[in-house]
Amino acid sequence: MLKTLMKSIREYKRASILTPFYITLEIILECLLPLVMANLIDRMTGSSLIPIIRYGVLLIIMAMLSLLFGYMSGRIGATASCGFAKNLRQDVFYKIQGFSFADIDKFSSSSLVTRMTTDVTNVQNAYQMIIRIAVRTPLMLIFSVIISLTISVKMSLIFLIMIPIVAAALFSIVFIVFPIFKRIFEKYDSMNNSVQENIQGIRVVKSFVREGYEQEKFHKSAADVCKEFTKAEKIIALNNPILMFCISLAIFLVCFIGAKTIINSGATELTTGQLSSLINYGVQILSSLMMLSMVFVICSMATESANRICEVLNHESTLTSPENGVTEVKNGSIQFENVSFRYSDKSKKPALMNINLDIKSGQTIGILGGTGSSKTSLIQLISRLYDVTEGKVSVSGIDVRNYDLESLRDEVAVVLQKNVLFSGTIKENLRWGKKDASDEELVRVCRLAQADEFIEQFPEKYDTYIEQGGTNVSGGQKQRLCIARALLKKPKILILDDSTSAVDTKTDAIIRKALREEIPDTTKIIIAQRTSSLEDADQIIVLDGGRITEQGTHEELLAYNGIYQEVYQSQTNGKKED
Ligand SMILES: Nc1ncnc2c1ncn2[C@@H]1O[C@H](COP(=O)(O)OP(=O)(O)OP(=O)(O)O)[C@@H](O)[C@H]1O
């Protein structure tokens, strides 16, 4: 774990060393201050003011230098910890970009968000603590013990006896609290999940007037987080009283025994100044223990966070690009050979079973099937959004797993059912398909996708700003923009997964005609619920429960007494058949 995290420290290694260095100087001065103060107090009873001024000036200089070193360590430490967090977030983000859909399913997107935000912040806080307080506190403890021993061994024994008692109490608190942190993070994940779901589906929530239900759901997950946190905080809250009791007891004993020693020995064994400095060291020793226990609490919380971050960073993606993979996709022919697929080992039933399919380059393939019949699962295997569980999918005669992943995906444009537009202008959104596309190219693909007409009606045309999630364009407009974006890639395979469902039938027909005529060499796979969207396909397949149950042209399937004929008749009321 440490090795993984160390990579993110990179350019901040020097700062990570300099901070403890300045802290060491700060602590040395801070520990010497009570000694100087003891001398100052003892000179107060003398007749000359000169030693008082001398010790007073020394005290001020030492205090100022100690503050300066403290400031330097704080400054450098903050730069290092913020930089470390930035690098760590960046590393996690880059790693996630390389994740397959299956990897994202495994972690869940909301958990990935928590790991990148809350968990990184916890690790950042712990790192700052480690390079500052975890260095400062033991040093303070050691120096204070050594100096107080040089003043009076007898008096120091009081603190030395207290140390193991306080340490045992404080650290047992840490061990009790540790397992609670694991639960806190799990609850956090579930709370973030509910926030994410709600915000993404806020329109559905409002249209179904489910705000109350959602509030209740959120209240429950927030209350769960609060409950676990409260449990931990209640235990941590014992820290202070334990320590304050021990400090008070130690100070009382030091004062009592110290005063007795001064009276009995006539200040030859111990002076008043030395007694006051012993009290200071005593407070420093015991409060160092408290700081150390706090460091342990924060570090134990961060250890759980660091584990979660390392899980992401060390995750071996289930779907990677092969070394020296094939970079050229010669044509858009596709073969499925005995393909079976299940989303994960936990899935009870495979999503696809024994699929065999031969698609020639340039053909148009229609796919029809009820909800959950695995239409989307089928097409996701072509661009390796998921890998097959059994069998083989080939593009232009080569197993898709042998292609360089980027080269393969460059040639397969998928307009997914849940299409997404990003905040930015229409031009910027379209150029996701090809970042150096000229304005003329943008207009050409928008005409093909029947998007040009409505874009021209916007006052700012292609510079119209699309809000996050494409909320300021209609469903049909969004679908056409997504098709245009896919066309810009000039792919060898174009897959439209129910991508014209929100487009009227007339426009749908115009888009299909344009695609047939303008990109004849591109293999087109069209998933649709309307048989009218599929009737001119070279081949139509019907999926049912993850299996191909019917296959043929529109006419062939109409002649066959199956699902296709039934769907067709229900959509046309049998008019065309009659
Ligand atoms: N990410 C996933 N993890 C696990 N199971 C999944 C996942 N996505 C889909 N499934 C399951 O796989 C099966 C097929 O889903 P798929 O989305 O391919 O169907 P579909 O025919 O495209 O449905 P629809 O027309 O409703 O979009 C369903 O039973 C679904 O629950």
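# Briefing: strands, a covered helix and a ligand shell

Strands β6 and β9 pair in the parallel sense, over four bridges. The model is predicted. Its protein chain has 578 residues, and 35% of them count as buried. The secondary structure comes to 19 helices and 12 strands.

- β9 is mostly covered, with five of its five residues buried.
- Ile493, Ile495 and Asp497 point one way from β9, while Leu494 and Leu496 point the other way; all are buried.

**Helix α16**

- Helix α16 spans residues 475-487, which makes 13 residues.
- From first C-alpha to last, α16 reaches 19 Å, close to the 18 Å expected at 1.5 Å a residue.
- This helix, α16, is mostly covered: 11 of its 13 residues are buried.
- The buried residues of α16 include Leu481, Cys482, Ile483 and Ala484.
- Lys478, Arg480 and Arg485 are also among the buried residues of α16.

**The ligand shell**

- The ligand is surrounded by 13 residues.
- The closest are Tyr343, Thr371, Lys375, Thr376 and Ser377.
- Helix α11 (residues 375-380) gives the largest share of this shell, three residues.
- By class, the shell has nine polar, two nonpolar and two charged residues.

**Leucine 149**

- Leucine 149 is found in helix α5 (residues 109-151).
- Leucine 149 counts as partly exposed because 15 other C-beta atoms lie within 10 Å, whereas a buried residue needs 20 or more and an exposed one has 12 or fewer.
- Leucine 160 is 11 residues from leucine 149 in sequence and 9.7 Å from it in space, C-alpha to C-alpha.

**Contacts along the chain**

- Consider contacts in the protein chain between residues at least 6 apart in sequence: 79% of them join residues at least 24 apart.

How values were computed:
Residues are numbered from 1 along each chain as its sequence is written. This is a predicted model: local features need pLDDT of at least 70, side-chain atom pairs count only at pLDDT 80 or more; totals for chains, interfaces and linings use all residues. A residue is near a molecule or strand if its C-beta atom, placed from the backbone, lies within 6 Å of it. Helices (H or I, at least four residues) and strands (E, at least two) are DSSP runs, numbered from the N terminus. Ala, Val, Leu, Ile, Met, Phe, Trp, Tyr, Cys and Pro count as nonpolar, Asp, Glu, Lys and Arg as charged, and the others, Gly among them, as polar. Two residues are in contact if their C-beta atoms, placed from the backbone, lie within 7 Å. The expected span of a helix is 1.5 Å times one less than its number of residues. Two strands pair if DSSP finds at least two bridges between them.
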